[in-house]
Amino acid sequence: PWTLGYFLLLRHSPDGSIGLWILTLPLLCSFANDVGGYFVGRFFGRRKLAPTISPGKTVEGSIGGIVVSFLALWLFTSVVRG
């Protein structure tokens, strides 16, 4: 229930017109991080990040997820401002 309340708070802050864009920003960045980390790690991943905890995670995938998330954030904000 707290997450739903947080979404409603984001939706209506600072006003109703930009609130939808603010609401989609964390969702888009987390989705881009997951997708980017998966594909970069799948194609370029060599070094395991934590093999005992999650054997499929790689250092390259982690860095790739952060980079793709940043690029999605930059693209999103440039579209919203433009």
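Leaving aside neighbours within four places in sequence, which residues is Ser-69 in contact with? Select Ser-69 and you'll find Cys-29, Ala-32 and Asn-33 in contact with it, where contact means heavy atoms within 4.5 Å. Before you click on, a word about the model: it is predicted, so local features need pLDDT of at least 70 and side-chain atom pairs count only at pLDDT 80 or more, while totals for chains, interfaces and linings use all residues. Residues are numbered from 1 along each chain as its sequence is written, and side-chain values use heavy atoms, with hydrogens and water left out.

**Stop 1: helix 3**

Stay with Ser-69, which lies in helix 3. Helices here are DSSP runs of H or I with at least four residues, strands are runs of E with at least two, and both are numbered from the N terminus. Ser-69 has a relative accessible area of 13%, so it counts as buried. The cut-offs are under 20% for buried and over 50% for exposed, with partly exposed in between (1.4 Å probe, protein chains only).

Now select residues 59–81 to see the whole of helix 3. Its 23 residues reach 33 Å from the first C-alpha to the last, close to the 33 Å expected at 1.5 Å a residue. That expected span is 1.5 Å times one less than the number of residues. Colour the buried residues of the helix next: Glu-60, Gly-61, Gly-64, Gly-65, Ser-69, Ala-72 and Phe-76.

**Stop 2: the salt bridge**

Pick Glu-60 out of that set. With which residue does Glu-60 form a salt bridge? The partner is Arg-47, and the closest N and O atoms are 3.1 Å apart. The pair links distant parts of the chain: Glu-60 sits in helix 3, Arg-47 in the loop between helix 2 and strand 1 (48–50), 13 residues away. A salt bridge here is a side-chain nitrogen of Lys or Arg within 4 Å of a carboxyl oxygen of Asp or Glu, and by this rule the count comes to one. Side chains of opposite charge can pair when their charged atoms come close.

Now show what surrounds Glu-60: leaving aside neighbours within four places in sequence, Val-40, Phe-44, Gly-45, Arg-46 and Arg-47 are in contact with it.

**Stop 3: the nonpolar patch**

Switch to a surface view and select Ile-63, Val-67, Phe-70, Leu-71, Leu-73, Trp-74, Leu-75 and Val-79. Together they form a nonpolar patch on the surface with about 810 Å² of accessible area. Areas come from the Shrake-Rupley method with a 1.4 Å probe, and for residues only the protein chains shown count as cover. Patches take residues with over 30% relative accessible area and no salt bridge, joining like charges within 9 Å and nonpolar side chains (Val, Leu, Ile, Met, Phe, Trp, Tyr) within 5 Å. One of the patch members, Val-67, has its place in helix 3 and is partly exposed, with a relative accessible area of 43%.

Next, go to Thr-77, also in helix 3; at 29% relative accessibility it counts as partly exposed. Draw a distance from Thr-77 to Trp-21: the two are 56 residues apart in sequence and 9.1 Å apart in space, C-alpha to C-alpha.

**Stop 4: helix 2**

Move over to helix 2, residues 16–44. Start at Ile-22, which is in this helix and is partly exposed, with a relative accessible area of 28%. Leaving aside neighbours within four places in sequence, Ile-22 is in contact with Leu-10, Ser-13 and Pro-14. The C-alpha atoms of Ile-22 and His-12, 10 residues apart along the chain, are separated by 9.1 Å.

Finish on Pro-26, found in helix 2 and partly exposed at 40% relative accessibility.
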